[in-house]
Amino acid sequence: MAEEPKGERLQKILSRAGVASRRAAEDLIRAGRVTIDDRVAVLGDRARQWGKGRQTVRVDGEPVARMDAALYVLLNKPAGHVTTRSDPEGRPTVMDLLPERWRGRLKPVGRLDYRTEGLLLFTDDGDLANRLTHPRFGCTKRYLVKVRGFPARAAIERLGRGMFIAGRRTAAVTPRPVRTRRGGGTARSSSWWELELREGRTRQIREMFFRVGHPVQRLRRVAIGRLEDAHLPSGKWRELSVGEVASLKAGSGRMSAGRSGGGRKRGRRRR
């Protein structure tokens with residue numbers, strides 16, 4: 001990771017090392033339990049853990065391990081979890097699905113709403129997280145969406161033109177039919193569509209299909225940029241391989257798990 005001019009904030013160092021969340025790290029600092037080269041640290045302090053002028057950070061006298069290798073974890077999010085570190089309503093969060101030792105270190109990259117399923121990336125690599133979420137980098141996310149009925153050509157064309165949501169026009173999308181299921185008689189009761197987005201507007205897909213008269217019944221994200229994994233069970237996670245991380249940083253094209261090119265074929269699977 002790139003070194004900051006005056007070192008890293010202590011909260012970030014402690015969080016990445018798995019000592020505590022950033023908020024809890026602030027409490028440790030306030031309590032005088034954190035030192036930098038034997039000097040009691042205060043909020044706002046930074047430290048260098050590498051290179052010229054390297055400093056030693058301790059908590060309760062124990063040195064904090066240097067954590068200069070970023071961590072990348074892929075989760076297949078089930079519905080019924082919020083994408084946040086904690087929820088004031090007491091609902092399950094995506095952090096509950098990760099090992100406890102990582103919960104203070106990792107952050108979700110982007111969001112999937114409470115009812116949406118699918119691939120969600122976690123990392124402490126801020127540069128990559130920014131590249132995957134900021135619209136100017138153009139990282140596409142691919143979704144499968146089940147909607148009520150079968151949208152007519154006029155509805156698909158309206159989606160393709162974009163529409164104003166919260167005062168801003170959405171980027172054009174081109175839904176592609178995947179499969180349909182027929183209800184009674186000849187009426188199509190629901191249909192599946194695949195589409196790609198380059199922006200992460202809140203509830204954008206649900207709002208777009210609702211406006212054309214076809215409410216979303218199920219929504220699943222199946223790819224983040226070049227990363228996809230159709231075999232990762234719902235609610236399970238794995239670490240990315242070296243090749244998968246490289247493909248995300250490269251930023252274009254499609255790559256399935258097991259075709260990462262370099263490093264392990266797949267990240268570690270946890271059940």
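This talk goes through a predicted model, from its cores and strands to its aromatic rings and a few single residues.

Some ground rules. Residues are numbered from 1 along each chain as its sequence is written, and side-chain values use heavy atoms, with hydrogens and water left out. Because the model is predicted, local features need pLDDT of at least 70 and side-chain atom pairs count only at pLDDT 80 or more, while totals for chains, interfaces and linings use all residues.

When I say helix or strand, I mean DSSP runs, numbered from the N terminus: helices (H or I) have at least four residues, and strands (E) at least two. Buried means under 20% relative accessible area, exposed means over 50%, and partly exposed is in between, with a 1.4 Å probe and protein chains only.

Let me start with the cores. A nonpolar core here is a set of buried Ala, Val, Leu, Ile, Met, Phe, Trp, Tyr and Cys residues joined through side-chain atoms within 4.5 Å. In soluble globular proteins, nonpolar side chains tend to be buried together. The largest nonpolar core in this model has 30 residues, and those touching the most other members are Val73, Phe122, Val145, Leu159, Ile205 and Phe209. At least two residues of this core come from each of strands E7 (72-77), E9 (117-123), E10 (141-148), E14 (188-197) and E15 (216-224), and likewise from helices H4 (153-161) and H5. Another core lies apart from it, with 15 residues, including Val109 and Leu128.

Now the strands. Two strands pair if DSSP finds at least two bridges between them. E10 and E15 are antiparallel partners over seven bridges, and Val145 has Leu219 in E15 as its bridge partner. Six of the eight residues of E10 are buried, so E10 is largely enclosed by the rest of the structure.

There is also an open sheet of four strands, in the order E3-E2-E5-E6, with antiparallel pairing. Its edge strands, E3 (39-40) and E6 (62-63), each pair on one side only. Strand E5 (residues 57-59) is joined to E6 by two bridges in the antiparallel sense, and Val59 stands opposite Glu62 in E6.

Next, the aromatic rings. Rings of Phe, Tyr and Trp (for Trp, the six-membered ring) pair if their centres lie within 6.5 Å; planes under 30 degrees apart count as stacked, over 60 as edge-to-face and the rest as tilted. How many aromatic pairs does a search of the whole structure find? It finds two. Trp102 lies in the loop between E7 and E8, and Trp237 in strand E17 (residues 237-239), so the pair ties together parts that are 135 residues apart in sequence. Trp102 is buried, at 7% relative accessible area, and Trp237 is buried, with a value of 7%.

The rings of Phe150 and Trp193 have centres 5.2 Å apart and planes at 50°, so this pair is tilted. Phe150 sits in the loop between E10 and H4 and Trp193 in strand E14, 43 residues apart. Is each of these two buried or partly exposed? Phe150 is partly exposed at 29% relative accessibility, whereas Trp193 is buried at 3%.

Charges also sit over rings; the test is NZ of Lys or CZ of Arg within 6 Å of the ring centre and within 35 degrees of the ring normal. The charged end of Arg101 sits over the ring of Trp102, 4.6 Å from its centre. Arg91 lies over the face of Tyr114, at 5.2 Å from the ring centre.

Finally, some single residues. Contact means heavy atoms within 4.5 Å, and in what follows I leave out residues up to four places away in sequence. Leu98 is in the loop between E7 and strand E8 (107-108) and is buried at 3%. Its contacts are Val73, Arg103, Leu106, Phe122 and Trp237. Between Leu98 and Gly235 there are 137 residues in sequence but 9.3 Å in space, C-alpha to C-alpha.

Thr170 is in the loop between strand E12 (168-169) and strand E13 (176-182) and is buried at 3%. Its contacts include Gly162, Arg201 and Gln204. Gln204, in helix H5 (residues 204-211), is buried at 2%. Besides Thr170, Gln204 touches Ile165, Leu197 and Glu199.
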